[in-house]
Each structure stands twice: as C-alpha cells, then as structure tokens.
Amino acid sequence: MQAAAAFNWAGAAFTARPLHRSPRPPLHIAGAEDGPAGTRGAPLTRLGCSGSVSVGAGGYGSERVPVFPRQQSWDPYKLLGVDHDASEEEVRSARNFLLKQYAGYEESEEAIEGAYDKIIMNSYSHRKHSKINLKSKLKKQVEESPSWAKALLGYFEVPSLEIISRRFAFFGFIAGWSIVTSAETGPAFQLALSLVSCIYFLNDKMKNLVRASATGLGVFVGGWILGSLLVPVIPAFIIPPTWSIELLTSLMAYVFMFLGCTFLK
C-alpha cells in the first residue's frame, strides 16, 4: 500500500510540472537595422518582388508611350496640325514628325497615316479639277470685257472636251482624205460632206434647220474666201508641190467649219 501511494504521488507531481520548450530564434524581415547578408548568424532576410508594366503597343520599356491627343479628329488638317493651304512638303514634314514622336502606339500611327493619305488625295483631286478650263476662262473674260465684246462673245460657247475632240477628229479625217485624193479627183466631195456635217452639228444645237443651214453656209463661204486670200501669200517652199490652190483653200474651209459647228451657239 505504501508503494502504491508513493507511485501515485510521483505521477501527480509529474503531470503538474509545466512543460518548457527551448526558445527559437526570432524571424526578422530585412531592414535598415539588419546586418549584411551572407554572414553567419545574420537574421533571415525575406525577399520582396517588384515589377513594373508599361502600357503601350509593341513595347515593354520603362516609359509609357504617349497617346496622340488628336487621333479622334475628323479633320485631317487639324489632326496633323497644318493649315488647309499647306504645301505637300509641309504636310509630309508634319506627318514624319508625328510618327517619330508617337512611334510605338499603333492607333496613333494609323490616325496619322490616314490623315496624311486623305490630304494627299484631296490635293491630287484639286489639281485634277484645276486644270485649264476653257469654259470658265472664257466666261471670266466675257464678264471683264466691254459691252460690245460681251455682245460678240455671246454668240460663242465652249462645249465639253469630248465634243471638241470628236469634231476635230472628224474634220481632220476629211482633211486627210482630201490630201490623199487631191491629185485624182479633187476635194469637191469632201467639201460637200463637210458642209452637210457642219449644218447637222449646228442644227443639233440650234434646233432650227433654216438657221443652221444659213449659218453653216456662211461659215463655209467665209472660210473659202479667207483661204483664197491667204493661200497666195503663203511661201511656196513650205507647200508640197502636189498641193493645189484648191486643196489649200479647202483646208481653210475645213478649219472654219470645224470652228463654226463647234463653238457657235
């Protein structure tokens, strides 16, 4: 009984004694007070992770690519920052400068290139429509002329280039035909054909056959008379020997009929 009591007392004393553990070294985060890394006994250093992302098209640099502020503008001149009367060289310089400044940002580059293409196309279209316009020039001259000149020029008009080309080709063909056959039959048939054609063209504009016939005949007679007066004064060395006076007079009549049926109202 004494042995059992002694054993129970020892077990109770053992369970009542607190359990002590050996302390662990503290865990420190590296800071300004920590010692140099890599030395023995130095506190544990916790590594940090940092990174930077650059937003931009096609680049991972440390600098952010600037966005073109005028890329949403509908006016190509305003987008490039040039005047509407700027030359192509100025437009090209502005485009190259902006492309260099905003390189790497795809939307800005597309906006700059699109504005440059629009300006160049507008410039080309303007040059195409600003070629010599005989009709507008004649109208301007009429407005600046005196009254008698206005009345005289009021009998003339300038048709489209297509009509002028067709009439010129037709009478040119008649003239060449006359030159080829002048040594055989003379230009009588060609003169008659050109007169009828001249009256037809005039009637198409005047819508009056009598007036067109009188005008065509008057143009033919005027050209024949003027040719008869000019042919004798032409130096002989510039006229082919096979060309007769009748042929030369006919050529002058063709010129008058071409001008009459093309430019008379």
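Which residues form a nonpolar patch on the surface, and how much accessible area do they have together?

Modeller: Happy to! Please keep in mind that this is a predicted model, where local features need pLDDT of at least 70 and side-chain atom pairs count only at pLDDT 80 or more, while totals for chains, interfaces and linings use all residues. Residues are numbered from 1 along each chain as its sequence is written, and side-chain values use heavy atoms, leaving out hydrogens and water.

The patch is made of Leu-226, Leu-230, Val-233, Ile-234, Phe-237 and Ile-238, with about 580 Å² of accessible area together. Such areas come from the Shrake-Rupley method with a 1.4 Å probe, and for residues only the protein chains shown count as cover. To join a patch, a residue needs over 30% relative accessible area and no salt bridge; nonpolar side chains (Val, Leu, Ile, Met, Phe, Trp, Tyr) are joined within 5 Å, like charges within 9 Å. A salt bridge here is a side-chain nitrogen of Lys or Arg within 4 Å of a carboxyl oxygen of Asp or Glu.

Look at Ile-238: it is found in the loop between helix H9 (209-230) and H10. Helices (H or I, at least four residues) and strands (E, at least two) are DSSP runs, numbered from the N terminus. Ile-238 counts as exposed because its relative accessibility is 51%; exposed means over 50%, buried under 20%, and partly exposed in between (1.4 Å probe, protein chains only).

Now for the record: an unreviewed UniProt entry annotates residues 169-202, 214-239 and 245-264 as "transmembrane region". Its positions are in the numbering used here, feature names are shortened, and annotations may be inferred rather than shown by experiment. Residues 214-239 are 65% helix and 0% strand, with end C-alpha atoms 33 Å apart. For residues 245-264, the figures are 95% helix, 0% strand and 28 Å.

The rings of Phe-258 and Phe-263 form an edge-to-face pair, because their centres lie 6.4 Å apart and their planes meet at 85°. Rings of Phe, Tyr and Trp (its six-membered ring) pair if their centres lie within 6.5 Å; planes under 30 degrees apart are stacked, over 60 edge-to-face, and the rest tilted. Both residues belong to one aromatic cluster, which also includes Phe-171 and Tyr-200.
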